[in-house]
2 protein chains.
Amino acid sequence: MNEAEFLAALRTLPLHPAARGLLDDTALLDVGGPLVLTSDTIVEGIHFLPSDPAEDVAWKLGAVNLSDLAAKGALPLGVMLNYTLAGDSAWDAGFIDGLRQLDFNLIGGDTVSLPWGAPRVLTLTAFGTDAAAPPRSGAQAGDALYVTGTIGDAGAGLAIARGAEGPDELLAAYRRPMPRIGDGRALAPLVHAMMDVSDGLLIDGARMAEASGLALEIDLAAVPLSTAYRSFAGDDREARIAAATAGDDYQLLFAAPAGFDLPVPATQIGRFSIGSGLSLMDAAEAVALPARLGFLHTA
Amino acid sequence: MNEAEFLAALRTLPLHPAARGLLDDTALLDVGGPLVLTSDTIVEGIHFLPSDPAEDVAWKLGAVNLSDLAAKGALPLGVMLNYTLAGDSAWDAGFIDGLRQLDFNLIGGDTVSLPWGAPRVLTLTAFGTDAAAPPRSGAQAGDALYVTGTIGDAGAGLAIARGAEGPDELLAAYRRPMPRIGDGRALAPLVHAMMDVSDGLLIDGARMAEASGLALEIDLAAVPLSTAYRSFAGDDREARIAAATAGDDYQLLFAAPAGFDLPVPATQIGRFSIGSGLSLMDAAEAVALPARLGFLHTA
């Protein structure tokens, strides 16, 4: 089974209403108030490189989860850590230092030892409260699609981590993504749908459109690129498609009425309409979809 | 670092009050009402055998977590599953069947793929509500120590799983432990301290005594053994020590006044007093502690 097939099989189990059909990145548990739950597992050699510094791996695992909380507008409450010891004390100490830099509270978890030589498998589960929790599926026909920050920096950073020459700020965007907690808090009560961009702008946009039962058109020319990204990859259509399909951006992607009075800086990059599927423009010109809309973590 | 050293390092991070100093098997989050959280990670080759049927591995991972909820008297609400795909669809389908047999609600989680040949690392996090949540640390001087059910059956079952001849019911005790949810619900509001027996009666009893700042004397002769266990291992001192140090029992161990009016069947097996440390009797005779008080999952 691949991940999608296993997820389909999991959906045959009794699901808690909080799971919302396992269609969202987060679960929403009603216990007195709403509690937002999100969990990510990362595997050495799949989601991070054995050569990545332990501090950065810890930061990224934490940041990825906090980013899911940000997309629900939640206030982070704490995290549980499920950690595998692989017999390298310096790496373990570095990992804890990386967690410390993220400034969240530890609630619990589990620590286990691996057989010799086995890749690390690290799980972090984050809890958040006080969330407006806009769903992924709430976009309405006529809504515009917006994104915070810039897109493609982390993808360029991954290329740099693998040996390409490029500015440190792109490498930092890959290794030290900043969860948009404040932006999420400001946006969540106001928008129709929201999620974070983890696998790529195009694939995540397509997922929001599909969950909402709508068609989505994205304008490549409107996708916000950083100065550093332009200097690294250029600003032509190829560079824009690379940015929009690279993933690991951890920006917030949301649907709201066009001309919406934004509480935080964001860029309008597309529009939802009745129908289905994703289509791509480059200013006035229609562009064929690339074969790969984003990064899929399949081994 | 080993597990204890890593846990000590984790305690230098900011801890949420719900973590209770990371001294308990469960965290207790106050969100409207108290939410009990517990999480276990199991590793192929360490906590389960590659030859163990997938259904049984799933059952055991779920049961181990539900047993932690039982020790807090919690009503199970649902679970999150963090699953690693290892390229064996039949195993994956069997695992889901095992989960289905446990009859709980899935809330969320994550599914990832492993590099080829890597051992499975499986995490399940369980949530429970409406818990009286007696701490591990609440035993009082003069309290008796009680345990539900019988002890040692799963340890004998492990020997049978590894090839020894023995009755199926012992193998079932190892592969299909039954979380004592009903017993925990009945006991939790009434007892001073409670935990489940996961690593071994002696080591878990010693942990309760240490957390409570008390000495504990356990009477081997009083440790309840099943008829199947006696037929497999005998009833002498060696067999009783083996039972009390084997682990995987998932019975409830609790402290309450001697002569306590038990709401469910349980056996009085020891007594807490002022002081520290564990001591062992066999009826009227003092017995030296065995070198190993329980099963420690160190690779």
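This is a predicted model: local features need pLDDT of at least 70, side-chain atom pairs count only at pLDDT 80 or more; totals for chains, interfaces and linings use all residues.

Biologist: At what angle do H2(A) and H3(A) pack?

Modeller: Two packed helices are described by the angle between their axes and the distance between the axes. For H2(A) and helix H3 (residues 89-102) of chain A, the axes are 7 Å apart, and the packing angle is about 45 degrees.

Biologist: Is the crossing of H2(A) and H3(A) left-handed or right-handed?

Modeller: The contact between them draws on residues of H2(A) including A:Ala54, A:Trp59 and A:Ala63, and on residues of H3(A) including A:Trp91, A:Phe95 and A:Leu102. The residues of this contact divide into nine nonpolar, four polar and three charged. As for the sense in which H2(A) passes H3(A), the crossing is right-handed.

Biologist: Which helix gives the largest share of the side of domain 1 of chain A that touches domain 2 of chain A?

Modeller: Chain A is divided into domain 1, residues 3-129, and domain 2, residues 143-287, and the centres of these domains, taken over C-alpha atoms, are separated by 23 Å. Where they touch, 16 residues of domain 1 of chain A are in contact with 21 residues of domain 2 of chain A. On the domain 1 side, ten residues, the largest share, come from one helix, residues 54-71 of chain A, which is H2.

Biologist: How many residues on that side of domain 1 of chain A are nonpolar?

Modeller: The side of domain 1 of chain A that touches domain 2 of chain A also holds two polar and five charged residues. The nonpolar residues there number nine.

Biologist: Turning to chain B, is B:Ala133 buried or exposed?

Modeller: B:Ala133 is found in the loop between strand E5 (121-129) and strand E6 (143-147) of chain B, and its phi is near 55 degrees, a positive value in a residue other than glycine. A residue counts as buried if 20 or more other C-beta atoms lie within 10 Å of its own. Because B:Ala133 has 20 other C-beta atoms within 10 Å, this residue is buried.

Biologist: How many C-beta neighbours inside 10 Å does B:Tyr250 have?

Modeller: B:Tyr250 lies in the loop between helix H9 (237-246) and strand E9 (252-257) of chain B, and it has a positive phi of about 55 degrees although it is not a glycine. B:Tyr250 counts as buried, because its C-beta neighbours inside 10 Å number 24.

Key: Residues are numbered from 1 along each chain as its sequence is written. Chains are lettered from A and ligands numbered from 1 in the order in which they are written. Domain bounds come from an automatic or database domain assignment. Two residues are in contact if their C-beta atoms, placed from the backbone, lie within 7 Å. Helices (H or I, at least four residues) and strands (E, at least two) are DSSP runs, numbered from the N terminus. Ala, Val, Leu, Ile, Met, Phe, Trp, Tyr, Cys and Pro count as nonpolar, Asp, Glu, Lys and Arg as charged, and the others, Gly among them, as polar. A residue is buried if 20 or more other C-beta atoms lie within 10 Å of its own, exposed if 12 or fewer, and partly exposed in between; C-beta atoms are placed from the backbone. Axes are lines fitted to C-alpha atoms, for helices over the stretch in contact, and angles run from 0 to 180 degrees between N-to-C directions. A crossing is left-handed if the near helix is turned anticlockwise from the far one by less than a right angle, and right-handed if clockwise.
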